[in-house]
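Dear colleague,

Please find below the structure that I am handing over to you, followed by an account of what was found in it.

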Amino acid sequence: MAKSVWVSAVCAVLLCGWRADAQMPPARVRLATVVQRELSTGQTFVGTVVPLRSSTVSSTVADRVVEFLVEEGDSVEKGQPLARLRTKHVEIELSGAKAELELRKQELAELVSGSRPEEIRQAQARMLAAKALMEFTQSRLKRTETLFTRKAISEDTLQEDTSAAENARQKYEETKAAWDLAVAGPRKEKIEQARSRMAVQQEEVRRLEDELAEHTVVAPFSGYVTAEHTEVGQWVAAGSPVVDVVDVDHVEVEVAVLESCVSQLKLGTQVRVEIGALPGRLWTGRIVAIVPQADVRSRSFPVKVRLENRTTSGEVPLKPGMFARVVLPVGRKSKACLVPKAAVVLGGRLPVVYAAVPAPKAEPPVTATARLVP
């Protein structure tokens, strides 16, 4: 009985293992070719982590700080307000400039629209009235001249009627010119003058709007606040520093390379970097700058290696000022076998690389003839 139970248990285990193997297919492996290249042996240089960009953000206007919106260590985005200055006087000037601009716009619109129909009719009515008066005075002048030839009236009466007729004619010419102007509308030069006055006022509004915007100090790029230089209530002069901001999404390691080694370096070369404060972690960077000016005291050239700092979780492990070791390819060249970085298996005592060896060819089966013995 016990023997049969043991056999059943073994069968169950074997059956479960067979089912597990049947449910888990073999993992797919991607193969890569091992290449042989000539490489230079590395030499370690010490350096310092520095931010990719750093800026002392200053105020472009002078006024009193009414809001200070950040603290040391805060993360900021590009364009984020850092501090605000007093803006009441600028707002008042801007309101007056906008009202003046509206006035200029309406003046231009009035000129562009031309005379109203009512104004044209009014000018026409004045012209017709002056014409009627002119015709009346001229008719009376003719009668007066006839009477004067007959010596029925004095010369003074003739001169009065002559003057009245001339005045009426001049009045008619004046009203007729006014009617012509009303029909023709404003001159193009007047319209252009009004348009220029409006443009000047628009620029004044833009200037005040820009001045108002300058009263808010913003971050020039995304990064971190590393220093504060003012506080609420303090007077800030134009050009005075407000905060220090650094960009650490990418950092650079500055190393001093001796003149005997710098000629072997090339821009874009990938190098390995170790950070003393973060043991057990390696970074791969690339050479982005070889400054062609040596320090005359040490006879060394500054070399900059750029590293990507922000991780997938949003952390920035590398901080400006950290001590770093950089392995640069400045030694003798020798041949070496290279494999992709993903092929190296880490986690054990030593890194391991698995080699895929072709399976041996199977030998052809041996054919044999057997004879049954009765």
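This is a predicted model: local features need pLDDT of at least 70, side-chain atom pairs count only at pLDDT 80 or more; totals for chains, interfaces and linings use all residues.

Arg297 and Asp295 form a salt bridge, with their closest N and O atoms 3.8 Å apart. Arg297 counts as exposed because its relative accessible area is 77%, whereas Asp295, at 31%, is partly exposed. In the whole structure, a search finds 17 salt bridges.

Two further salt bridges deserve a description. One of them joins the side chains of Lys304 and Glu254, at 4.0 Å from N to O. Lys304 belongs to strand E11 (residues 300-308) and Glu254 to strand E8, so this pair ties together parts that lie 50 residues apart in sequence. Both partners are partly exposed: Lys304 has a relative accessible area of 26%, and Glu254 has one of 36%.

The other is formed by the side chains of Glu192 and Arg195, at 2.9 Å from N to O. Here both residues lie in helix H5 (residues 188-214), three residues apart, which is about one turn of the helix. In an α-helix there are 3.6 residues a turn, so residues three or four places apart point the same way. Glu192 is partly exposed at 44% relative accessibility, and Arg195 is partly exposed at 35%.

Strand E8 (residues 241-258) also holds Glu252. Is Glu252 buried or exposed? Glu252 is buried, because its relative accessibility is 7% and the cut-off for buried is under 20%. Its side chain makes a polar contact of 2.7 Å with the side chain of Arg306. Beyond its neighbours within four places in sequence, Glu252 touches several residues, including Thr48, Val50, Val288 and Lys304.

Two helices may be read together. Helix H3 (residues 117-149) has 33 residues and spans 48 Å from its first C-alpha to its last, close to the 48 Å expected. Helix H4 (155-184) has 30 residues and reaches 44 Å between its first and last C-alpha, close to the 44 Å expected. Which parts of H3 are buried? The buried residues are Ala123, Met127, Ala130, Met134, Thr137, Leu141 and Thr144, and H4 is among the elements that cover them. In H4, the buried residues are Leu158, Asp161, Ala165, Ala168, Tyr172, Thr175 and Ala182, and their cover includes H3.

Arg126 is also in H3, but counts as exposed because its relative accessibility is 52%. The C-alpha atoms of Arg126 and Ala178 are separated by 9.0 Å, although the two residues are 52 residues apart along the chain. Just after H3, Lys151 has a positive phi of about 60 degrees. H4 is followed by Gly185, whose phi is also positive, near 85 degrees.

On the surface, Val34, Val339, Val344, Leu346 and Val353 make up a nonpolar patch with about 410 Å² of accessible area together. Val344 lies in the segment after strand E12 (323-338) and is partly exposed, at 32% relative accessibility.

Finally, some totals for the protein chain. The chain contains six helices and twelve strands, and buried residues make up 24% of its 374 residues. Of the contacts with a separation of 6 or more, 75% are between residues 24 or more positions apart. The accessible surface comes to about 26,700 Å², of which 55% belongs to carbon and sulfur atoms.

With kind regards

Conventions:
Residues are numbered from 1 along each chain as its sequence is written. Side-chain values use heavy atoms; hydrogens and water are left out. Patches are made of residues with over 30% relative accessible area and no salt bridge: like charges are joined within 9 Å, nonpolar side chains (Val, Leu, Ile, Met, Phe, Trp, Tyr) within 5 Å. Accessible areas come from the Shrake-Rupley method with a 1.4 Å probe; for residues, only the protein chains shown count as cover. Helices (H or I, at least four residues) and strands (E, at least two) are DSSP runs, numbered from the N terminus. Buried means under 20% relative accessible area, exposed over 50%, partly exposed in between (1.4 Å probe, protein chains only). A polar contact is a pair of N or O atoms within 3.5 Å; within protein, one must be able to donate a hydrogen and the other to accept it, and residues adjacent in sequence count only if both atoms are side-chain atoms. Contact means heavy atoms within 4.5 Å. The expected span of a helix is 1.5 Å times one less than its number of residues.
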